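Hi everyone, thanks for coming.

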Amino acid sequence: MNSKVFSRISLLLLICAVVLSFAGLGFPQSRPQKPTTTNGKKNNRPTPKTPEEIQKEKEAAEQAEMEKNAIDDGGVVVIDTKLINVDAVVIEKKSGRIVAGLKKENFRIFEEGKDQPITSFSEPDAPITVSLVVEYSKWSELFGSASGGYFEAGHLEVIRPVAQFVTGFVKAPDDYASIIAFDIRPTPITDFTNDPSRFQQSINLLLRNRPAFRENNLYDAVNFALVGGRTDSVVLEDSEESKTDYAGLVDVRSGRRAIILVASGIDTFSKLNYDEIRKVIRESGVPIFIISTGNLFYKKYEHLLGPTDSITGVPGRLTFLQAKNAMNVFARESGGAHYEMTFPGEIPGILQNINALMRSQYSLAYDARSDLEPGKKYKLVVKVDVNGDGQFDDKQFEVRHRPYFSLPGKEEKKKKKK
């Protein structure tokens, strides 16, 4: 028997084992077992509101009430004055070195080609607040088995990056991180915290359990991490309520916010479609740093996969290519980065690079124009003059930032509140 036939038989046996493991599974998402002992305390979300912020919210509420009672002429869309935030990293193209020590005068922001006065600027010294969103499904376990083989569980491929980041890069008392696992729906394992014991409990819980379902509702999970919603109660808070309202990253007041997404990029049947989640990403202004998994599986078995998904549900070559394209778009349009991990040995270097990029972002902002249309995509370009000679240094330096933004409409705001 030649090696090619043996490879086909091996893959067919692997697929049959996965299909048999799906038998008897119910539709709802499995809920990880809670630890036997917890302190029962809920985590405080980062950066409590100052008296000045509370007063501003009060004034904004009064203004909204006045607008509600005003006469609508049917032809004017009222948009509150707000800032358009742009996080930017300056990188020397030749060496890949991240440039630090720049000032407000070194930057210019262009919206649809028009220069916008920078009204807010801060250097990259603020703490970070991160949501780690990890795919925890039967497919992630199958893809990871290509790396671990019979000697370790396949789902370690998605747990390793999470474990190494929260233990190596989240520093108390100013940094915060949350962990969200998803298959058919997202489940928050821990809310924002910087407690090492809470991180260890989260990792132990993911290791002790095994994925039960193969659905990857990726788009819904990203939307949940960004804007929040109602879902299962945070697992480690040991709440008596089965459901809770969870606030996303857009509601967190922090100098640096980001999502670290560890997933294959395959979406099964999210409520949001591809265009809708791209719109949410543009409106949030939160960079997404993606570690894509399943690449080793695809490289090893590409020649055995069909062009489209098989009757058993095994993803085809086109599905893997679409997943890769989606990950590239999410990273680019959010101002983040996409890392196509193949071997576990790449994880430390990837995480080091993500940490360096997050902590090297200059925070720029300008006042939004009153004539911006909700839902419309506007192009952003940030240019840098490193040596201050009055000339942009486009050839020597790259400014990495989100290339577009859009403002949510009134209907979209109502949906988010729900």
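Let me start with a term: a residue is buried under 20% relative accessible area, exposed over 50%, and partly exposed in between, using a 1.4 Å probe and protein chains only. What you see is a predicted model, where local features need pLDDT of at least 70, side-chain atom pairs count only at pLDDT 80 or more, and totals for chains, interfaces and linings use all residues. Residues are numbered from 1 along each chain as its sequence is written, and side-chain values use heavy atoms, with hydrogens and water left out.

Now, the charged pairs. Side chains of opposite charge can pair when their charged atoms come close. We call it a salt bridge when a side-chain nitrogen of Lys or Arg is within 4 Å of a carboxyl oxygen of Asp or Glu. How many salt bridges does a search of the whole structure find? The search gives 16.

Take R359 and D175, whose side chains meet in one of these at 2.6 Å, N to O. R359 sits in the loop between helix 10 (347-358) and strand 13 (362-367), while D175 is in the loop between helix 4 (156-168) and strand 6 (176-182), so this pair links distant parts of the chain, 184 residues apart. By the way, helices (H or I, at least four residues) and strands (E, at least two) are DSSP runs, numbered from the N terminus. R359 is partly exposed at 27% relative accessible area, whereas D175 is buried at 4%.

Next come R185 and D232, with their closest N and O atoms 3.3 Å apart. Because R185 is in the loop between strand 6 and strand 7 (186-193) and D232 is in strand 8 (residues 229-232), this pair ties together parts 47 residues apart in sequence. Is D232 buried or exposed? With 7% relative accessibility, D232 is buried.

D245 belongs to strand 9 (residues 243-246), so parts 15 residues apart in sequence are tied together. Here R230 is exposed at 52%, and D245 is exposed at 58%. Salt bridges with shared partners also join E111, R369 and D371 into one network.

Four strands form an open, antiparallel sheet in the order 3-2-14-16; two strands pair if DSSP finds at least two bridges between them. Strand 3 (114-116) and strand 16 (404-405) are the edges, each pairing on one side only. Strand 2 (residues 107-111) pairs with strand 3 over three bridges, and I109 stands opposite Q116.
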